[in-house]
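Visitor: I'm new to this one, could you walk me through it?
Guide: Gladly; here it is.

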Amino acid sequence: MKEVFNFNAGPAVLPPEVMRQAQAEFVDYQGCGYGIIEESHRAAQFEEIIQAAEANLRQLMGIPEDYEVLFLQGGASLQFAMIPMNIALPGHKIGFCNTGEWSSKALKEARILGAEIEMLYDGSADGFSRIDGVERWPVPQNLAYVHVCANNTIYGTQFKQFPETGQVPLVCDMSSDIMSRQVDVSKFGLIFAGAQKNIGPAGLTLVIIRKDLLQRVPESLPTMLRYTTHSKSKSLFNTPPTFAIYMLRLISDWLINLGGIKAMQEINENKAALLYNYIDGSDYYRGTADKACRSNMNVCFRLPSEELEKKFIKSATEAGLIGLKGHRAVGGCRASIYNALSQKGVERLVEFMRRFANGN
Ligand SMILES: Cc1ncc(COP(=O)(O)O)c(C=O)c1O
């Protein structure tokens, strides 16, 4: 098998050890003679898996007892609608911090549902290249909740400090940095994430919700769209994405063995520093995000021309460094260096960038 380093933004690289274990168990799960992908979601084997996945998440993230962990489908994008449907309050505005494409999309869904919006911050005038003055953002205490996106996958910015919202529940889209760094879950009312970047394959959406917010869920919602349906049935109201949950369990085991999120964060900071230090010291590459808030997950950069960017991406792919094309909304280059992308991968990328700059 050829050696490839995968910088895709999602679906993304998974730990090689986990891939090998999943491969070995694919046709014969722990000696039972068939694969877990073929097993009923009501079977004892799967019950053990979903419970272990939840226990691992609670251990790794320090999720308090008064939070529910839900394994859903529909992607993070369905949460853009489910959140206002479930926890908006009649007569109260929703606070939004617009820091990029994904918070803009969430905002659009809230508006479709007729919500009134209080814009706490709008980074669109800066082309979403920074997240500025979080500590000064006004948070009226009568808001239903405040929505933020922790890490902007497309623009490569990341909240280094979250806004203090007082009594107002903070809702956070952690799709592209969940479990990459330590966060205090008790500061949030709701955390959600599509699994396909840091914690698993596509098809699984994680929702962590403080239990008191479940009291807001209107009975008028269709059954599948109510958080209460999934909390009451322990995410087994209907058939969940069983294989994706199995993968999450393996990936969370891998993280625990590595030393947990604290150890992972240190590794991630070192990887990001290696790449940013090289870019900062180069007059060939230019980082696009403000230094104070640049992402440790998605490193966005430009070359001297679009032509060179095309050549860079093509040559990198030939050299086994794949997925470096920036998002179509912004162009340029982007290296997504999620949990499972090794230090060696970043070292290879920096070596390649140096060689390419010298030769071009
Ligand atoms: C921060 C963020 N939020 C939401 C999404 C949308 O996720 P999904 O494709 O699971 O709906 C993405 C996808 O890249 C993302 O990066």
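**Surface and ligand**

Guide: Isoleucine 37 lies in the loop between α1 (16-26) and α2 (44-61), where helices are DSSP runs (H or I) of at least four residues, numbered from the N terminus. This is a predicted model, in which local features need pLDDT of at least 70 and side-chain atom pairs count only at pLDDT 80 or more, while totals for chains, interfaces and linings use all residues. Residues are numbered from 1 along each chain as its sequence is written, and side-chain values use heavy atoms, with hydrogens and water left out.

Visitor: OK, now the ligand. Which residues come nearest?
Guide: Ser77, Thr153, Asp173, Gln196 and Lys197 come nearest, out of 13 residues around the ligand, each counted if one of its heavy atoms lies within 4 Å.

Visitor: Which helix gives the largest share of that shell?
Guide: Helix α3 (residues 75-87) does, with 4 residues.

Visitor: And what about threonine 153 and lysine 197?
Guide: The side chain of threonine 153 has an N or O atom 2.5 Å from an oxygen atom of the ligand, and for lysine 197 a polar side-chain atom lies 2.7 Å from a ligand oxygen.

Visitor: How much of the ligand does the protein cover?
Guide: The protein covers 84% of the 390 Å² of accessible area that the ligand has on its own, as computed by the Shrake-Rupley method with a 1.4 Å probe.

Conventions
Polar contact = N/O pair within 3.5 Å; in protein donor to acceptor, adjacent residues only side chain to side chain. Helix = DSSP H or I, 4+ residues; strand = E, 2+ residues; numbered from the N terminus.
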